[in-house]
Amino acid sequence: MDISGRHEEDGEYLMVAAAVHARVDSSRIRSVEGMGFAAAREGPTLEATVALAAEAVGNLPSPPDGPIVAENGEFYEEPAARVGLSFQPEFKYVESIGERETVQAAHHAAYAARNLLR
């Protein structure tokens, strides 16, 4: 998952989260099962960011079997255990190339969706 727009533009915020449900191995994406999106116009606090991400995950066509994965800067470098309290089945930060590729796909999706909503 990834969030675009955690910065102010023209006096307002527009954050868009994209969650990509993908099957990955250690080095690549094997398949994409679906995507979920959520948007918010509130400021980028940790609580707002986690809530937005959880909403995007909740909007996936089917719940993921494995962990929710993001880059650690996405949640202000808070420990995964703290961020994970808001996610099911579990949450972790990127560990493999395949996971990084999935987060990159989510980044492109969130950025594109945000541009459509502006």
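What follows is a short chat about this predicted model.

Me: How many strands form the sheet, and in what order?
Reply: Three strands make up an open sheet, ordered β1-β2-β3, and the pairing is antiparallel.

Me: Which are the edge strands?
Reply: Those are β1 (2–4) and β3 (29–40), each of which pairs on one side only.

Me: And what does the twist average from one strand to the next?
Reply: The average is 20°.

Me: Over how many bridges do β2 and β3 pair?
Reply: Strand β2, residues 15–24, pairs with β3 over ten bridges, in the antiparallel sense. As for who faces whom, Ala19 stands opposite Gly36 in β3.

Me: OK, helices now. What does α1 touch when it packs on the sheet?
Reply: Helix α1 touches β1, β2 and β3, and its direction makes about 50° with that of β2.

Me: What about α3?
Reply: Helix α3 (residues 97–117) packs on the sheet too, touching β1, β2 and β3. The direction of α3 makes about 145° with that of β2.

Me: Switching to Thr49. Where is it found?
Reply: Thr49 sits in helix α1, which covers residues 46–58.

Me: Buried or exposed?
Reply: Thr49 counts as buried because its relative accessible area is 0%, and the cut-off for buried is under 20%.

Me: Which residues is Thr49 in contact with, leaving aside neighbours within four places in sequence?
Reply: Thr49 contacts Ile3, Arg6, Met15, Pro44, Glu74, Phe75 and Tyr76.

Note on methods
Residues numbered from 1 in each chain as written. Predicted model: local features only at pLDDT ≥ 70, side-chain atom pairs only at ≥ 80, totals over all residues. Heavy atoms only, no water. Helix = DSSP H or I, 4+ residues; strand = E, 2+ residues; numbered from the N terminus. Buried < 20%, exposed > 50% of the residue type's maximum accessible area, 1.4 Å probe, protein only. Contact = heavy atoms within 4.5 Å. Pairing = 2+ DSSP bridges. Axes fitted to C-alpha atoms, helices over the stretch in contact; angles between N-to-C directions.
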